[in-house]
Amino acid sequence: MSRIKKMLLAILIILIVIQFIQPARNTSGQVLQTDIVKVSNVPQSVQTVLKTACYDCHSNNTRYPWYANVQPMGWLLARHVKEGKTELNFSEFGAYSTRRQANKLRAIENTIKDGTMPLSSYLLLHKDARLTETDKKEIINWALQAKDNLEQNKP
Amino acid sequence: MKTIAIALMMSSVVFTACDNGNNKSDENAETNKRSASETTPSSNPNAEATPIEGIVSGYLSLKNALANDNSKDAANAGNAIVEAMNKIDKSSLTEDRMKLYADVEEDAKEHAEHIGSNAGNIKHQREHFDMLSKDMYDLVKSFGTGQTLYHAFCPMYNDNKGAYWISETKEIKNPYFGKEMPTCGEVKEEIKQ
């Protein structure tokens, strides 16, 4: 067997072995009382957009694509979800302090406005997460409104 | 068979490449952290000690770094703020201060962390600096700092919504626009100690 063949075989074996190392899934299956839809008045249309385009990385419930079962793609995904949830977790939004909620809403507004979110690398594989101009406008308006409400209700 | 093997190999190469990139930025963050702790300005020995002294001095170096358009120094200062926050002994605070600190802590630390990890992206650092400045104002008002500070306002930042910052000098050196508009803004309040 030539060296190249041996190398390919080794890589193949490694790839087969890593398939057995599956990261834990981020699927709680329930909507917590702290979910943003429970603590803030989110219009139905915005809820739908958030759930399709944002919740996979920013909530406790990820809808996994088929390739999540293929390593190392599954690991990559798990890391993205973990990072996404640290930044902003819609499932636990209600548990944030008022000041943090207001800042998160502002960050939502800004990232949508300048297009840093959803990540372009994510959009490459998730066409349903692409936001139309209307989607964007609705999210921005809602975020502004919700932030104003928070600031008015401040003690 | 061969094509599959090559495809798999490619994907693993891509994966490891990504991973390396991340490790590198982690290392950078580490070195930033280290140098930040070395370069934290020592506080005025005459000033009355206050539990948030380290946080305030980190914030002021951050403000000056941003006014000088120096993203790297800003990142170091951000890390210094995180470090100072980690050192706060919450149990030693009075009840009122403890309550306020608990409200501010998570938020302020997050902003400082983001500023620390975004060397090279000064626009993003300034966004977090805006939000951090609100937290700082509340902290400074409640804790005191042992020095007179100034609450300044720039009406143009954030699409003309405006933003505040805290300065140790009366003179305006705008941290939101840096050298592009160094004197934009005015002092709104003198925070006396």
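This is a predicted model: local features need pLDDT of at least 70, side-chain atom pairs count only at pLDDT 80 or more; totals for chains, interfaces and linings use all residues.

Modeller: Residues are numbered from 1 along each chain as its sequence is written, and chains are lettered from A and ligands numbered from 1 in the order in which they are written.

Colleague: Why is α6(A) called roughly antiparallel to α8(A)?

Modeller: Helix α6 (residues 98-113) and helix α8 (residues 133-152) of chain A pack at an angle of about 160 degrees, with axes 9 Å apart. Angles over 145 degrees count as roughly antiparallel, under 35 as roughly parallel, 65 to 115 as roughly perpendicular and the rest as oblique. Therefore α6(A) is roughly antiparallel to α8(A). Helices here are DSSP runs of H or I with at least four residues, and strands are runs of E with at least two, numbered from the N terminus.

Colleague: Which residues of α6(A) and α8(A) make the contact?

Modeller: Among them are Leu105(A) and Ile112(A) of α6(A), and Ile140(A) and Leu144(A) of α8(A). Two residues are in contact if their C-beta atoms, placed from the backbone, lie within 7 Å.

Colleague: What makes Asp159(B) exposed?

Modeller: Asp159(B) has 8 other C-beta atoms within 10 Å. A residue with 12 or fewer such atoms is exposed, one with 20 or more is buried, and one in between is partly exposed. Asp159(B) is therefore exposed. It is found in helix α6 (residues 157-160) of chain B and has a positive phi of about 55 degrees although it is not a glycine.

Colleague: Why is Asp69(B) called partly exposed?

Modeller: Asp69(B) has 15 other C-beta atoms within 10 Å, so it is partly exposed. Asp69(B) is found in the loop between α2 and α3 of chain B, and its phi, near 60 degrees, is positive in a residue other than glycine.

Colleague: How do you know that Tyr150(B) is partly exposed?

Modeller: The count for Tyr150(B) is 18 other C-beta atoms within 10 Å, and therefore it is partly exposed. Tyr150(B) lies in strand β1 of chain B. Leaving aside neighbours within four places in sequence, its contacts include Ser167(B) and Val187(B).

Colleague: Where are cis peptide bonds found in chain A?

Modeller: One joins Gln71(A) and Pro72(A), with omega about 10 degrees. Another joins Met117(A) and Pro118(A), with omega about -10 degrees.

Definitions and conventions: Axes are lines fitted to C-alpha atoms, for helices over the stretch in contact, and angles run from 0 to 180 degrees between N-to-C directions.
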